[in-house]
Amino acid sequence: MPAVSKGDGMRGLAVFISDIRNCKSKEAEIKRINKELANIRSKFKGDKALDGYSKKKYVCKLLFIFLLGHDIDFGHMEAVNLLSSNKYTEKQIGYLFISVLVNSNSELIRLINNAIKNDLSSRNPTFMCLALHCIANVGSREMAEAFASEIPRILVAGDTMDSVKQSAALCLLRLYKTSPDLVLMGEWTSRVVHLLNDQHMGVVTAAISLITCLSQKNPDEFKTCVSLAVSRLSRIVSSASTDLQDYTYYFVPAPWLSCKLLRLLQCYPPPEDGAVKGRLVECLETILNKAQEPPKSKKVQHSNAKNAILFEAISLIIHYDSEPNLLVRACNQLGQFLQHRETNLRYLALESMCTLASSEFSHEAVKTHIETVINALKTERDVSVRQRAADLLYAMCDRSNAKQIVAEMLSYLETADYSIREEMVLKVAILAEKYAVDYSWYVDTILNLIRIAGDYVSEEVWYRVIQIVINRDDVQGYAAKTVFEALQAPACHENMVKVGGYILGEFGNLIAGDPRSSPLVQFNLLHSKFHLCSVPTRALLLSAYIKFINLFPETKATIQEVLRCDSQIRNSDVELQQRAVEYLKLSSIASTDVLATVLEEMPPFPERESSILAKLKKKKGPGAVSVTELEDSKREGGELNGGGDRGPDTSAMAASNASTPSPSADLLGIRSVAPIGAAPTSAGSLLVDVFSEAGPTAASAAVNDDGFLRFVCKNNGVLFENQLLQIGIKSEYRQNLGRMYLFYGNKTSVQFASFTTTVSCPGELQSQLNVQTKPVEPLVEGGAQIQQVLNIECLTDFSDAPLLNIKFRYGGALQNLTLKLPVTINKFFQPTEMSSHDFFQRWKQLSQPQQEAQKIFKANHSMDTEVLKAKLLGLGSALLDNVDPNPENYVCAGVIQTKGQQVGCLLRLEPNAQAQMYRLTLRCSKDSVSRRLCELLAEQF
């Protein structure tokens, strides 16, 4: 850039600025500015032509006045005229004025664009850089329309100087961010990518920022950049600090470029080329090795640069999630930072380990640092670091350490910062439910949670514990006893009173035999809290009182006296008054049988997922680790047999048994990629387990459904096999959610290249079934196998099946295979136990012609009793014994669970051994389900 000569000092400008600074008041400043504006206006309008120096000086004064906050409505044309000057300083001031004051709607924009074009077409690199800087600073759509096609040509031209290339790359990046539809690389794509090989490191650094942005929007067009990025990264990582002297920062070679390269590689999956992938793995190992070396400088700049590269490398390792050795090494490296004296490093280490905990390869390695993380939760001074420690404990939790982590979180809650208490409560509630094997422990944990942090326990949490207690007979007595003891504390939280009122109202009879918890003692205990509670809680307690009258008739007179007092039947709150009046009248006029019917025990809640996770997700602040990501990482399900997401409706306790579940969250982890309810299992062991069940089937060029019907009554086995490929399947379903594992085994000794799989839902199935897949590795080595996970959600009943298309190259030839995936409506059965009386009563209710589907058919297989039972159990419904009057017949009952509705189904199979015939009858609350189940089952017997 040219040096500024002494004559360019602009003494008049310096004097004006000095005068402004010396002004004693705002009025004096305005007076001086107005005087100067009048002088400048007269000079511009004068007959005498101004030279370039004077124009530049006056334009600078106008710019200074504008920066002080005053409007400028003249001088623009003079600034545009400066653009045509051949002096750098004059042209620079002209571009500066335009960048700051000229908007895209200005009438001068055409003149400005012409001047910029002239400078871009000149071969003066200084003028070209000024023009490019102006385009980037303005960055308007008009600028993009005028120059978006010109700048790429300048960027890739062989005779363009390096400084101009840098400016062109950053200018193009600016235009792409503001008007991506106008910046079309097209023919320039490959040449822009090859800038990664440029000898000038500054050009590479600028170009990689542009390529990263373009790759995020159009990854396929720029995928060739991966090999070049790996090559460049390898050269930097393997170089000594003396090799790149101009770009070495405190003994770290090109740290900014290294970080940008690693960030670019995170836009793509692992390289398909084995050599490129090996070179990249070598680079990452070198970065991890250098992190262990003694520092070459004690300066903080050295450690910052070194750690910046390390954390980007770890982010790339986590992104690939395919190299167990690197993942474990990354985890160990982060573990060293957990006790570092620098707070920022501890924060970043905790944040990265949260993501590492989601990988099956590094989950166990993360768990080894549990004591350090617990210590950080207790001792860290910075609340943001403590919050990341809590996130990491949540992410690393599984069945083996759930009780320890929940206990530590409860302990921390007593002194936790108020800003994170509600989030901590939700996490404890989720973990206690997800990993509870002992329901009494779960109840203790939630009640302890309410005791410690009752103000932060949302409705979702105490709703959930009630749902689970109602659905589990074996925990009801323990819950009643525990909550009764908790209520005896002199001061207990209102949420504890809510839980106590509900549980004692339903199950107080289970502990009434003990004189210490007799019915009257229970009532008096609850009523002693009544006057301290809010209106909604009082309403719930009134409902509990009327339940007591049904459970314990001896308390009727006492409770009626409470309901009859003026504070209840004349209460100013209309809800409390109405309940008191209605409950008093109900207890007075209703017979014992009617009272028992109206006030019978609440039925089990429909089995759905909890909304606590959704509540937790809403509480996460910006920049925090995504709760969905953490939850998706879980490899162990263990959902309690809990209820739906409706809260315990206090009025329904007394008057109705109906329930209306609200939408539920993904506590089951439907978007995750791991099995529900099982510990992490190696792909190899799963392959043996799955492939041991069935023999090979023949291949077909069209849609292959040979193996489809074999999986109607089973979930594991070999779906397809030919001389090249074996496909195994293992699936599990819960309510309207399912997870399917597909295992692709290469039976040859030759590598499968470009291996891709696509799952599609033809026609109406798109709105009936939601199938989510995780991409598979594009290379399958000879004799190896890979795994793919499908997450399935049943939205409504369906009859078609998803299609799986597999394409790969074997010996250069493209192989194309399409299979029908065995996802059938019966997979979403929830078994229902029934007595003989209930079964035939329901059978008669489903008597409409369209609700029944019947088929008489000849037996296709052996009519062996045990085989028939196994198939009916594999169907998913409950096989009911001693229900049908004819002991030779089989009857089943179940409910098809979809997101939109539940469809009750009854089945009756009547075999005739002599004639080798069956009569199959299905009655369902939805006719389309009856027909589809009948079609599927007729092929199974």
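Colleague: Let's start with helix α20, residues 370-379: which of its residues are buried?
Modeller: Keep in mind that this is a predicted model. Buried here means under 20% relative accessible area. Within α20, the residues that count as buried are I370, V373, I374, A376 and L377.

Colleague: And why do the buried residues of α20 line one face of the helix?
Modeller: Look down the axis of α20 and check where its buried residues point. They line one face because they fall within an arc of 155 degrees.

Colleague: Which helices do the buried residues of α20 pack against?
Modeller: Packing goes by contact, with heavy atoms within 4.5 Å. On that basis, the partners of the α20 buried residues are α18 (343-356), α19 (363-367), α21 (383-396) and α22 (402-413).

Colleague: Over to the open sheet of four strands: which ones are the edge strands?
Modeller: The sheet has mixed pairing, and its order reads β3-β11-β10-β7. An edge strand pairs on one side only. That gives β3 (703-704) and β7 (753-760).

Colleague: What stands opposite V703 in β11?
Modeller: Strand β11 covers residues 813-820 and runs parallel to β3, with two bridges joining them. In β11, the residue opposite V703 is T818.

Colleague: Stepping back to the chain, what share of contacts between residues at least 6 apart in sequence joins residues at least 24 apart?
Modeller: The chain has 41 helices and 17 strands, and buried residues make up 53% of its 941 residues. For those contacts, the share joining residues at least 24 apart is 70%.

Notes. Residues are numbered from 1 along each chain as its sequence is written. This is a predicted model: local features need pLDDT of at least 70, side-chain atom pairs count only at pLDDT 80 or more; totals for chains, interfaces and linings use all residues. Side-chain values use heavy atoms; hydrogens and water are left out. Buried means under 20% relative accessible area, exposed over 50%, partly exposed in between (1.4 Å probe, protein chains only). The arc is that of the directions from the helix axis to the C-beta atoms. Two strands pair if DSSP finds at least two bridges between them.
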